[in-house]
Amino acid sequence: MKPALVLLVDDEEELRRSTAQSLDLAGFAVRDFSGAETALDFITQGFNGVLITDIRMPGMDGMTLMNRVRDIDPDIPVILATGHGDVQLAVKAMREGAYDFIEKPFNAQALADVAARAIDRRRLVLENRRLRAVAGKRDDIETRLPGRTQAIIDLRYRLRAVAPTDADVLIIGDTGTGKEVAARALHDLSGRATKPFVVINCAALPVHLIESELFGHEAGSFPGAIKARYGKFEHARGGTVLLDEIGSMPLDLQARFLRVIQDRVITRLGSNEAVPLDVRFIATSKADLEAEVAAGRFRADLLYRLNVVTLRLPSLAARRADIPLLFLQLVSEAAARYRRDDLQVSPQMLADIARRDWPGNVRELRNAADRYVLGLGFSPADEDAGPAQAARLADRVAQFERGVIAGALVASGGNLKPVYESLGISRKTLYEKMQRYGLDKRELGEQEPVDPEADV
């Protein structure tokens, strides 16, 4: 297992440097940062270490940083450094998942002791994950991208094959299918896992500062450039750069970026010196880049440089049988995140969820799971719905019967025999009711045609 790392975040330079030095003398490997955003580049699900952060900082504060870290992996220990007035806030943070807090001014040995305990806990978590994988249970990639349909099984196989290499990867998929999740998995399973994972949102780059943000600049290279600055590419040296929605990158910048991918060198603004660049590029796009090339909005030569390997993430519509499994996992994660008891999800509800359209894919399904755990239903309309209007008895009975059958189909994985046996009806009666209610076991379980004569 890789050596544990302490990430230290504090905007007070003198205090940060002295704290880093004391932790270094105590035997820890330490990286210190003046801002939260830079530290986040080192946080992945496979991160082996702990985060120590001040609460009060300009820009992203310590509480926000903790929540961002927990979104990536809730088992990463976060230790908060607090001023006297922030103790109540730190206690609240511990209820929300912080590992511990230490009040300023703190004793160096006390901080080292807390960090050592946190690292031991993190090592135990990672070792348990490894042992589960060895025992034949779900490995890390299957935990991140669960499912049993062939489309997602094939995707996981390709991820495992490509991840250990340095090949650049293009990930194509609709909004919410998990493109960044797949990109982080590629990084975490590579030899670059301990180096930065830098996300660049190509659709949100400031127009007048794009080149400076990406390539960096020398002092005096433009008005306001008081001192030299590393760009995001240079900051990611040794690690991975994720170019999110690369199809949104302006054409003139695409030409310069092509050379970066081809030659692995950059030149800062205001400089003539080429800087070698050791990074792996992963790009994502919800648009078909070949169509964008045909429309003249994307460079063909850049596309051919990027798609050494192309991974396509299936939408939920393409793997509808995975929806119940995904929803159950997301409900479990939401219950842990909101500190709620595990909730039971009825087979009838799972069947209803499996039949719904989810244009926002896993992201939309996750929001539905959050609402369900918070007691708000699983559809936004549920929150505003008033009392249900009275329905005819026959309609109510039909709705109940449909839900029972659909739930039984989900529970059996689409296998008809245990359904009609458990419900005490004949195979023919079950088939007739499935036709009447528009139930198709291909959408609720196995990928097979419904055969009324088959004993399954």
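Mentor: A residue is called buried when its relative accessible area is under 20%, exposed when over 50%, and partly exposed in between (1.4 Å probe, protein chains only). The model is predicted, so local features need pLDDT of at least 70 and side-chain atom pairs pLDDT 80 or more, while totals for chains, interfaces and linings use all residues. Residues are numbered from 1 along each chain as its sequence is written, and side-chain values use heavy atoms, without hydrogens and water.

The part I would pick is strand β11 (280–285). Helices (H or I, at least four residues) and strands (E, at least two) are DSSP runs, numbered from the N terminus. Six of the six residues of β11 are buried, so the rest of the structure largely encloses this strand. In a regular strand, side chains alternate between the two faces of the sheet. In β11, one side carries Arg280, Ile282 and Thr284, and the other carries Phe281, Ala283 and Ser285; both faces are covered, and all of these residues are buried.

Next come the partners of β11; two strands pair if DSSP finds at least two bridges between them. With β6 (residues 169–172), β11 pairs in the parallel sense over four bridges, and there Ile171 stands opposite Thr284. The pairing of β8 with β11 is parallel over four bridges. In that pairing Leu243 has Ala283 of β11 as its bridge partner.

Helix α11 (residues 251–263) belongs to the surroundings of β11. Its buried residues are Leu253, Gln254, Phe257, Leu258, Val260 and Ile261. These residues pack (contact means heavy atoms within 4.5 Å) against β11, and also against α9 (210–215), α10 (232–235), β8 (240–244), β9 (265–267) and α13 (300–306). Arg264 follows α11 and has a positive phi, near 55°.

Elsewhere in the chain, five strands make an open sheet in the order β2-β1-β3-β4-β5, with parallel pairing. Its edge strands are β2 (29–33) and β5 (100–103), each pairing on one side only. On average, neighbouring strands of this sheet are turned by 20° against each other, direction ignored; axes are lines fitted to C-alpha atoms, for helices over the stretch in contact, and angles run from 0 to 180 degrees between N-to-C directions. Within it, β1 (residues 5–9) and β3 (residues 49–54) pair in the parallel sense over five bridges, and Leu7 stands opposite Leu51 in β3. Helix α1 (residues 13–25) packs on the sheet, where it touches β1, β2 and β3, and its direction makes about 170° with that of β2. Helix α3 (residues 62–72) also packs on the sheet, touching β1, β3 and β4 (78–82), at about 155° to the direction of β3.

For the chain overall, the secondary structure comes to 21 helices and twelve strands. Buried residues make up 46% of the 456 residues. Among contacts with a separation of 6 or more, 69% are between residues 24 or more positions apart.
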